[in-house]
Amino acid sequence: MSAKDPPITICVGTSAGWPEIEPCVRSFFEEARAVGGEMIIADGSGGPDPDDPAIGDGLTWLRIDEQSVFRLVDTNVRMARGDVVALTEDHCTARPGWVAAMLRAHAEYPKAAAIGGAIENGADGRGPLRWASHLMTQGAHMAPLANGPSARIANEANVSFKRWALADIEKHPLGFMTIRHTRALADRGELLVNDDRIVVDHHESLGPRATAVIHFDDGRTVAGFRRRHMRSGDWLRLVATPLLPVYRTGRVVRNAIVKGHGRRVLTALPWLVVLEYCHGIGEAIGYLRGAGRSPYGLR
């Protein structure tokens, strides 16, 4: 690393573009600029440039003819020059102090390959459907976390890596998926850490049909990534397709109760079962036929 390397690079891939991504960018922009951070937005929307000159001048805005966020993020992380490389999603907003909390955590754990933060529910209304969707995908990453070394940390919504931990990214045709890379790091004995001082709010307010479809797409995409090199656990998931959503529903309920969301998860339980089966069906199809167009339905 040279003396000119920024302390942190923040990477966001977006298929929605500006102005949909504006709340996300503004939530960390000033903090990142104050510490001399680098910000890279990979935009596959084909939409307009930011209408604020200060934003346009303060970050690298890549125009890429690509709708899959996994390929957009793959481009981002390969370009990053920061000592720490942070990821979030275009529909998340960072809470105040997000940048400083990441830098502090990496200073406290200099040998950590990756550090995951907390992902809270920022969805408008926060009704049963939205809580079911959030608890299903992000419930394990809500505060409180078991801070310190961990086998499992947050996903693309709130994770940061030492740059050296991204030196050997998997060259996958579908792009970069955080949970695959953090698992690969853990498998080779690298240190992963949880820190719930690093917080983002996840905003996803979709109707019943769109929510069901996005969980189907998520399941098919994850299985499409795994399909390239099937492990024994992947074969087991495929065989157990009819029962796996029931097991996963129980796991979500148990985790939500432990984190103090027992009332919310019980209210959301019917939707949770539906969404787990949508995900499970997508996962089975992904194992059998590949990801298809599902990666393009995610953001």
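Residues are numbered from 1 along each chain as its sequence is written, and side-chain values use heavy atoms, with hydrogens and water left out. Because the model is predicted, local features need pLDDT of at least 70 and side-chain atom pairs count only at pLDDT 80 or more, while totals for chains, interfaces and linings use all residues.

View 1. A search of the whole structure finds two cavities of 30 Å³ or more. Here a cavity is a set of points on a 1 Å grid over the protein atoms alone where a 1.4 Å probe fits but cannot get out, and lining residues have an atom within 4 Å of a point. Grid points are joined across faces, edges and corners, and a volume is the space filled by probe spheres set on the points. Helices (H or I, at least four residues) and strands (E, at least two) are DSSP runs, numbered from the N terminus. Ala, Val, Leu, Ile, Met, Phe, Trp, Tyr, Cys and Pro count as nonpolar, Asp, Glu, Lys and Arg as charged, and the others, Gly among them, as polar.

**View 2. The second largest cavity.** This space comes to about 40 Å³. Look for Arg-237, Leu-238 and Tyr-287, which are among the lining residues. Helix 8 (232-239), helix 9 (244-258) and helix 11 (269-289) each supply at least two residues of the lining, and helix 11 gives the most, with four. Four nonpolar, two polar and three charged residues make up this lining.

**View 3. Strand 4 and its two partners.** Find strand 4 (residues 84-87): Val-84 and Ala-86 point one way, Val-85 and Leu-87 point the other way, and all are buried. Buried means under 20% relative accessible area, exposed over 50%, and partly exposed in between (1.4 Å probe, protein chains only). Two strands pair if DSSP finds at least two bridges between them. Strand 1 (residues 8-14) pairs with strand 4 in the parallel sense over four bridges, and Ile-10 has Ala-86 as its bridge partner. Strand 8 (residues 159-162) pairs with strand 4 in the antiparallel sense, again over four bridges; there, Phe-161 stands opposite Val-85.

**View 4. Cysteines without a disulfide.** A disulfide is a covalent bond between the sulfur atoms of two cysteines. The search counts a pair of cysteine sulfur atoms within 2.5 Å, and it finds zero disulfides in the whole structure. Cys-11 is buried, at 1% relative accessibility, and Cys-92 is buried with a relative accessible area of 1%.

**View 5. Gly-97 in its loop.** Gly-97 sits in the loop between strand 5 (92-94) and helix 4 (98-108).

Notes:
On a 1 Å grid over the protein atoms alone, a cavity is a set of points where a 1.4 Å probe fits but cannot get out, and a pocket is an open set with protein on both sides within 12 Å along at least five of seven lines; lining residues have an atom within 4 Å of a point.
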